[in-house]
Amino acid sequence: MRYSIFSLAKNAWSGHKNWKPAWREPEPKSSYDVVIVGGGGHGLSTAYYLAKEHGITNVAVLEKSWLGSGNIGRNTTIIRSNYMLPGNEPFYEKSLQLWEGLEQDFNFNAMISQRGIMNLYHSDAQRDGFARRGNAMRIHGVDAELLDREQVREMVPFLDFDNARFPIQGALIQRRGGTVRHDAVAWGFARGADSRGVDIIQNCEVQGIKIENGKVLGVETSRGSIGCNKLALCAAGNSSEVAAMAGMKLPLESHVLQAFVSEGLKPYIPNVVTFGAGHFYVSQSNKGGLVFGGDLDGYNSYARRGNLPTVEHVIEAGVSMIPGLSRIKVLRSWGGIMDMSMDGTPIIDKTHIPNMYLNCGWCYGGFKATPASGWCYAYTIANDRPHEFNSLMRLDRFRTGYTVDEKGAGAQPNLH
Ligand SMILES: Cc1cc2nc3c(=O)[nH]c(=O)nc-3n(C[C@H](O)[C@H](O)[C@H](O)COP(=O)(O)OP(=O)(O)OC[C@H]3O[C@@H](n4cnc5c(N)ncnc54)[C@H](O)[C@@H]3O)c2cc1C
């Protein structure tokens, strides 16, 4: 069923009793052309673009839990393409362009809101760094503007401009950045893939990978064996565990990242604002809650919950940036498992096993990448070679030394 004003009116007329489920609940078949491990944003978008762009529809997405239970439903919903390095910028810009047409493309309301993202700077050196980033973006044809203090004050007057320790001097703004309703992205891609014939199988945990003569034959799951011609790993925070089933040790660490939502407030924060003197970012949801986050919890873990010292640390950074936050109640918080790569850049690549592919290393920036990740991964799987956009997101870069170290933090995943 296509969603439109007419289908809405028709269903309203019949008391909204005739809406069909957004996707089927099929039993797994014995074999597929492509099996995707992980029904997060990236697994679902990969299935969608495999079907839509490459006509490959005999595909299963195997999800151990329910759709949206992973990071796709846990992130702080920020999208942007304000990257600097050639290995990243064209990829993230491709993603932003896909976001711009996505709701029409997959016929689902994902509440994409290009309200702008503003990165504050607090020193001359930081201004120079941001000017360099903005110039690099503009060379790639991407929008970026450097704002001075008064321009920032006009847009977000509630910030602590005269903060004694970190006075705000200005900001780099990308007006096309913004927010998207994260779980709707999973649902939209799931519905779009399902309508093209992809089987989305929830509560189906991959527990083993069957390899013979150097080739993947299929996977062992909690719902039985499933054969495949190609296997695409897409398990985000659990990537290391899943790849270990094929004997691979990935250059990743799993870390916890927390997110927070406040009580509902009147419209207050018009865009996404990030603190340049600490790690804090905030936006306001359409329901009025402030959605914010900050640093990783700082140690390796597969637990999807964080700890109080990090809660205190994040809130302190927030209050330094917006003193008024100290009077707001936090309603809820949660954690997700981040697949942190050694240079902060993801991996979308083939592996040493000829029919097995890898998509991981998203750190805490993979939500914005969801459409381009699926688009590039689908291309890589269908053509058996990376697309130009993911040509530097290679697994072997940690052996060859061609890393894409956007943050300049080196092999320190906890700092990326
Ligand atoms: C608190 C927080 C805030 C964030 N904020 C942002 C942000 O503002 N902007 C941004 O760009 N990014 C953000 N991110 C990062 C982003 O959410 C992730 O990088 C991205 O969602 C990861 O890709 P995914 O959606 O496919 O992951 P997931 O949704 O985690 O999908 C992976 C799936 O694999 C499944 N799986 C794992 N093992 C198996 C198995 N053995 N068998 C079957 N299935 C399996 C999991 O259950 C999971 O559903 C944030 C993340 C967190 C946690």
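The axes of helix H3 (residues 89–106) and helix H6 (residues 182–195) come within 10 Å of each other and cross at roughly 50°, where helices (H or I, at least four residues) and strands (E, at least two) are DSSP runs numbered from the N terminus. The structure is a predicted model, in which local features need pLDDT of at least 70 and side-chain atom pairs count only at pLDDT 80 or more, while totals for chains, interfaces and linings use all residues. Residues are numbered from 1 along each chain as its sequence is written, and side-chain values use heavy atoms, with hydrogens and water left out.

**Helix pairs**

- Two packed helices are described by the angle between their axes and the distance between the axes.
- Axes are lines fitted to C-alpha atoms, for helices over the stretch in contact, and angles run from 0 to 180 degrees between N-to-C directions.
- H3 and H6 are therefore oblique to each other, given that angles under 35 degrees count as roughly parallel, over 145 as roughly antiparallel, 65 to 115 as roughly perpendicular and the rest as oblique.
- H3 passes H6 in a left-handed crossing, a term used if the near helix is turned anticlockwise from the far one by less than a right angle, whereas clockwise gives a right-handed crossing.
- On the H3 side the contact (heavy atoms within 4.5 Å) involves Trp99, Leu102 and Phe106, which meet Ala184, Val185, Gly188, Phe189 and Arg191 in H6.
- The residues of this contact of H3 with H6 divide into six nonpolar, one polar and one charged, where Ala, Val, Leu, Ile, Met, Phe, Trp, Tyr, Cys and Pro count as nonpolar, Asp, Glu, Lys and Arg as charged, and the others, Gly among them, as polar.
- A second pair is formed by helix H2 (residues 41–54) and helix H9 (residues 370–383), which pack at an angle of about 55° with their axes 7 Å apart, and that makes H2 oblique to H9.
- H2 passes H9 in a right-handed crossing, and the residues in contact include Tyr49 and Leu50 of H2 and Trp375 and Tyr379 of H9.
- By class, the contact of H2 with H9 has nine nonpolar, nine polar and one charged residues.

- Strand S12 (residues 252–264) and strand S15 (residues 289–300) pair in the antiparallel sense over six bridges, and Phe260 has Phe292 in S15 as its bridge partner.

- S13 and S14 pair in the antiparallel sense over three bridges, with Val282 in S14 as the bridge partner of Val273, and a hairpin joins S13 to S14 through four residues.
- Four bridges join S14 to S15, which run antiparallel, and in the hairpin of these two strands, with four residues between them, Gly288 takes a positive phi near 105°.

**Individual residues**

- Gly336 is found in strand S16 (residues 330–341) and is buried, with a relative accessible area of 3%.
- Gly336 and Gly237 are 99 residues apart in sequence and 7.9 Å apart in space, C-alpha to C-alpha.
- Ala236 has a positive phi of about 45° although it is not a glycine, and at 26% relative accessibility Ala236 counts as partly exposed.
- Cys363, also not a glycine, has a positive phi of about 50°, and Cys363 is buried, with a relative accessible area of 7%.

Key: Buried < 20%, exposed > 50% of the residue type's maximum accessible area, 1.4 Å probe, protein only. Pairing = 2+ DSSP bridges.
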